[in-house]
Amino acid sequence: MTEPILEVSGLVKHYPLTRGVLFKKQVGAVKAVDGVDFHLDAGETLGIVGESGCGKSTVAKMLVGLEQPTAGRIRYRGEDITRLSGKALKAVRRNIQMVFQDPYTSLNPRMTVGDIIGEAYEIHPEAAPKGDRRRRVRDLLDVVGLNPEYINRYPHQFSGGQRQRIGIARGLALRPEIIVADEPVSALDVSVQAQVINLMGRLQEEFHLSYVFIAHDLSIVRHISDRVGVMYLGRIVETGRDAEIYDHPTHPYTQALLSAVPVPDPEAREHRERIILAGDVPSPTNIPSGCRFRTRCFKARERCALEVPLLAVPAEFRGTRGPAAHDSACHFAEEIRVVPPETGREHGNGPG
Amino acid sequence: MLLEVRDLHVEFRTRDGIAKAVNGVSYGVDAGRTLAVLGESGSGKSVTAQTVMGILDVPPGRITGGEVLFEGRDLLKLKEEERRTVRGAEMAMIFQDALSSLNPVLTVGDQLAEMFTVHRGMSRRDARARAVELMDRVRIPGARERVKQYPHQFSGGMRQRIMIAMAMALEPKLIIADEPTTALDVTVQAQVMDLLADLQREYDMGLILITHDLGVVADVADEIAVMYAGRIVETAPVHEIYKAPAHPYTRGLLDSIPRLDQKGRELYAIKGLPPSLTAIPPGCAFHPRCPLARDVCRTDEPPLYQVGDTRGSACHFWRECLHD
Amino acid sequence: MPEEPYEPERAIAGTGMGGTMDLGASEAATLEKTPGGPDGTGPQDKPRSLWSDAWHDLRRNPVFLVSGLVILFLVVISVRPSLIASGNPLHCDLAKAQEGSQAGHPFGFNGQGCDVYTRTVHGARTSVLVGVLSTLGVAVLGSVLGGLAGFFGGVWDAILSRLTDIFFAIPVVLGGLVLLSVITSNTVWPVIGFIVLLGWPQISRIARGSVITAKQNDYVQAARALGANSSRLLLRHITPNAVAPVIVVATIALGTYISLEATLSFLGVGLRPPSVSWGIDISAAAPYVRNAPHALLWPSGALAITVLAFIMLGDAVRDALDPKLR
C-alpha cells in the first residue's frame, strides 16, 4: 500500500475564552476540534459531514494553514506541516488549496477575475513565468467552464455558480495535489449545485486531485466521496467507505443523521423509521464526559458517561468481514439500516 | 377553498428596468392541507407569499393584477386596517431566519404575550400565562423558566419553535412557512417539520410551505406547485410528481439532486442559469435551458395544460416529458 | 451528459438556497454593458486593474471633471493670486468701508474698507492650504493608525482605542485656545498641526471599523490560504475595500477644517492680520451682516464652493473605486 498523501493525527483546536481588556485571563476554552484523526489517499475524496458547530470548518482551516492547531499533527507526504514556517510552509501551501463556501464573500469585489486567479502566481512567482501568467489564467477559466474573455470582469458580474467556478479556478492555479472544499455548493441553487459537483468530479480526474470535501448535506457527500467521516462536537464518531457509512451505519448519531435527511420520495414517508434526536448539541465549551453524544443518544447507558469510546472497529464486528466492520466510536454499536432504497421512478439521466 | 390566488402579477422597479417577479400565478390550498411551493431563488415563490400576507414592500414592488381570495374575500381589495385584522389572526407567517425575526431586546415571553394583549385585549398576566402554554405546546422544555429569556439564549431550532408559537398564537386558519428549516441542521430540521405537521393536523390549518428542498416537500406536502421565473410550471399531487414529472424543469430538478441510497454517476445538470427577471425569454421562459425545446417554445407561452384530472403542466410537450 | 456550458448571458444571483428574493437584474445588465463582448478582443487583452478602471471611469464622469476644474482653479489662484487680482489685499481705505459693488471693485468693500474681491482671491491660499493639508494629515495619520490597529488587533488596538477616546474628550475650541496661544508664529503650520492632532481620532475610528469589516471577508482568508503576507493583504485586499468611508468622512471634514481655522482666527489664536484668509474675513464681516452682507457673502460663497468641490471629488472617487456601480 502506498503512503497516504495527507495524514492527520490527534488534531486539536481550542480557542481560549478570556475576560478583561488589557490583562486577559483565561476562563475556559471552546473545544472546536478535539482530537481528530484521518488520512487521505492520493486521488480519493474524503467526505466530512456534520452539523453546524461540529468543527468541520475548523479542520479545513487547519489543513490549509489558516489556523494553527493547538495540538496534533498534519502530515503531508510524511512531513509534519504544522511545524513548518517561512519558505518551507509556503512551498507546502502550494500543494494544499482551498475552495470556500460563500462565492459572494470569497472573491475580492474590487479585483478583476484575472487578478483574483493570477494572484496565486504573484505570491508564488516560481509557479509560472511572468509572461505566461495571463495565458494560464485564461486556460484556467476555460477549464472551469467560463469564457476566457471574462478575464477583465469583476466578481459581481457573475452569478453564484459562476463565481464558485472562479473560486475553483483560483484553487487550481498552483496545480495543487489536494483541495480542501468547505461546503462548496451549499450557497448555490439546486440546479446549479449539480453543475459545480460535476465540474469538481471532472477536475479530479483531469488533474488527479485528492479532495477533502466538507459538507452538511449527506446526499452530496455520498455522491462525491470514496470515504466518509462523520463529525460530532469536535470528533469523528464514525468513518468508513461510503457504502459502509450509508448502508451499514453502526453509530447512533450517524443513524439519526441519516434517518433525518428528507428523501425526495413521497412513497417512503409512510414506512420510514425516523430517529428523532432529543435536544440540542451541547456547547463546545462544556463537552459531556465519556461519550460526547450521550446527552442526545437514544441508547445511552451508564457506561457512556464514564468511558470515552474509541474510534475503532467495534468488538462485536471485529471478527466479521462485513461492511459493518468499520471504525465507530460507540460502546453499543449495532448495525441499523436507516436509508431505504428509494422507490418510484428510476434515477434517470435527465430528460431528452 | 381556504385560500385561492388567481392570476397574480407582481413587478419590481429596479435600476435596470421592471423586474417581473410574479407573472400570472394561481394556486389554492384547503383547510388541513399542505401546498408546497417549490422553486429556486428568483422564482417568485417568496414574493407571491409576501403578497398573500400583505407584507410586500410597495414600492419598489407593485401588484399589477390578480386576486387573493381568502374564504372568498379578495384581500387585495381590503383597506390596510382591515388587512391588519386578517394578518396574524387569520393567517400567519413563519420566516427562514428566526433570529432576525425576533426582537433581540425583548424576552420571548413578552413577544409572545404581546400577540394576546394587542390582538385579544388580554391582561398582561393572562397573556403571560398563555405565552407559557404556547411554549409548552411547541415542545420547548422548561417553558416556565425560559419564558423570561431573550432570543439569543435559544438555539436555532428552539428559536424556530418560538416563531411557530408566535404564528400559532391566535390559531390562524392558514400558515405560510417560508423556508422554515433551511437554516437548521438536519436533525433539528426533522424535529421542527414534525412539530409543524402535528400542529397543522391538530388545528386543521392550511399550510403553504415555500421551499427549494425536494426532500422536505416529499416528506410533508399534499400538493406541489413548481415555480420558475415567476410562473407556475407544474402542479400535481405529491405522489404523482415524483413518479413522473410532466415538466422538463421539474424533471431536471429531480434528476440533479444526489441521492442518499446510491453513489451517483455524473449528475444530470440543467444547463445554464435562471433568467434575469428584467429580461424573461419570450415564449416558454425555460426554453433556453430545456432539452425538449422546439421552435414553438421560443414564440408561444405555454398555458397550464390539464394533465389527467389532478395535474397541470405548462409545457407544450408535457406528453413527451411524462412518457419519456 | 450535457456539456459544461458557458453561461454568460444572464445571471440571477443565487444568494442562498432560496428565501430571499434576488432580482439579480443589475447583474444581467452590467454584463451586457461591459466593453468588449465575448468575441471582442483588443481591450480584453490588456490586463485591467481597479485603479486603471477607476481612472477610465473618472475621466468620463462630469461630476469629477467639474469638481476637478474648480479645485484646479483654486490651486492656481492660491499659488499666483496676482493672476486675477492685481491689487494689494492689505490696502484698505476706511472711507470706503462697507461700500457696495462698483467699477474696479466688483465685490465691494468690507468693514475696514478693503477690497473684498482682492481679499477673497488672496485668502484662497490660506484656506485651501489649511483645508487640504489638514485633511491629508488627518486622513493619513488616522487611517494608518486606525487601519493597523484594526488589522493587527490585540494590545495595540486596545491602547489606540483608549487614546482616541481621550482625544475625543478634548473640546476643540478650548484646546485651541490653550495650545495655540503659546505659539507666536503667524503662519498656517501651527493651525494645521493642531487640526491634525485633534482630527485624527475621527478618521482612525472609521478606518479601524472598516478594516475590521473588510478583514473578516472570505477573500482575505482565501489570499492567506494562497500564502499572502500581511502587507499584501493590507494593500491589495483590505485597503481598496475599506477606503470608501474614509474618503467620504475626510472630504466632509475638509469643510469643517476651513471653518475651524476661521473660528480659531476669530478667537485670536489662529492667524492674525496681516494674514489674509476666508476665515478671518468671514468672522470680521459677521457683525456687519445687516449693513454690508456682501462682505460676508463672497468669502462664505468661496468657502462653500470649495467645500462642495472637494465633497463632489470624494464622491466621484469613491464611486469609481466601486466596480458594482460601473
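This dialogue walks through a predicted model, chain by chain.

Q: How far does the predictor trust chain A, and what is its mean pLDDT?
A: Read pLDDT as the predictor's confidence in each residue. For chain A the mean pLDDT is 87. Of the residues in chain A, 95% reach 70 or more.

Q: Where in chain A is the pLDDT below 50?
A: Look at residues 344-352 of chain A, where the pLDDT is below 50. That stretch still has 22 contacts in the model beyond near neighbours in sequence.

Q: Which domains does the assignment give for chain A?
A: A domain may be built from separate pieces of the chain, as the residue ranges here show. Domain 1 of chain A takes in 40-67 + 78-225. Domain 2 of chain A covers 235-328.

Q: What separates the centres of domain 1 and domain 2 of chain A?
A: Take the centres over C-alpha atoms, and the distance comes to 31 Å.

Q: How many residues of domain 1 of chain A are in contact with domain 2 of chain A?
A: Count each side of a contact separately. Domain 1 of chain A supplies six residues, and domain 2 of chain A supplies seven. On the domain 1 side of chain A, one residue is nonpolar, three are polar and two are charged.

Q: How many residues of chain A are in contact with chain B?
A: Again, read the two sides in turn. Chain A has 47 residues in contact with 47 residues of chain B.

Q: Which elements of chain A give two or more residues to the side that touches chain B?
A: Four helices are named here: α6 (190-207), α7 (218-224), α8 (242-247) and α9 (252-260) of chain A. Of the elements, α6(A) gives the most, with seven residues.

Q: How do the residues on that side of chain A divide into nonpolar, polar and charged?
A: The side of chain A that touches chain B has 20 nonpolar residues, 16 polar and 11 charged.

Q: How many helices and strands are there in chain B?
A: Start with the tally of elements. Chain B has 13 helices and 12 strands.

Q: What share of chain B is buried?
A: Burial is judged residue by residue. Of the 324 residues of chain B, 54% count as buried. Among the contacts of chain B with a separation of 6 or more, 63% join residues 24 or more positions apart.

Q: How many helices and strands does the secondary structure of chain C come to?
A: Chain C has 11 helices and zero strands. Buried residues make up 45% of its 326 residues. Residues 24 or more positions apart account for 69% of the contacts in chain C with a separation of 6 or more.

Q: Where does UniProt place the feature "domain: ABC transmembrane type-1" in chain C?
A: Treat a record entry as an annotation, then check the model over that span. The unreviewed UniProt entry places this feature at residues 124-314 of chain C. In the model, that span is 83% helix and 0% strand, with its end C-alpha atoms 20 Å apart.

Q: Which residues of chain C does the UniProt annotation "transmembrane region" cover?
A: The unreviewed entry lists residues 62-79, 128-154, 166-198, 242-260 and 296-317 of chain C. Residues 62-79 of chain C are 100% helix, and their end C-alpha atoms are 26 Å apart. Residues 242-260 of chain C are also 100% helix, with ends 27 Å apart by C-alpha atoms.

How values were computed. Residues numbered from 1 in each chain as written. Chains lettered and ligands numbered in written order. Predicted model: local features only at pLDDT ≥ 70, side-chain atom pairs only at ≥ 80, totals over all residues. Domains from an automatic or database assignment. Contact = placed C-beta atoms within 7 Å. Nonpolar A, V, L, I, M, F, W, Y, C, P; charged D, E, K, R; others polar. UniProt positions renumbered as here; feature names shortened; annotations may be inferred. Buried ≥ 20, exposed ≤ 12 C-beta atoms within 10 Å, placed from the backbone. pLDDT = per-residue confidence, 0-100.
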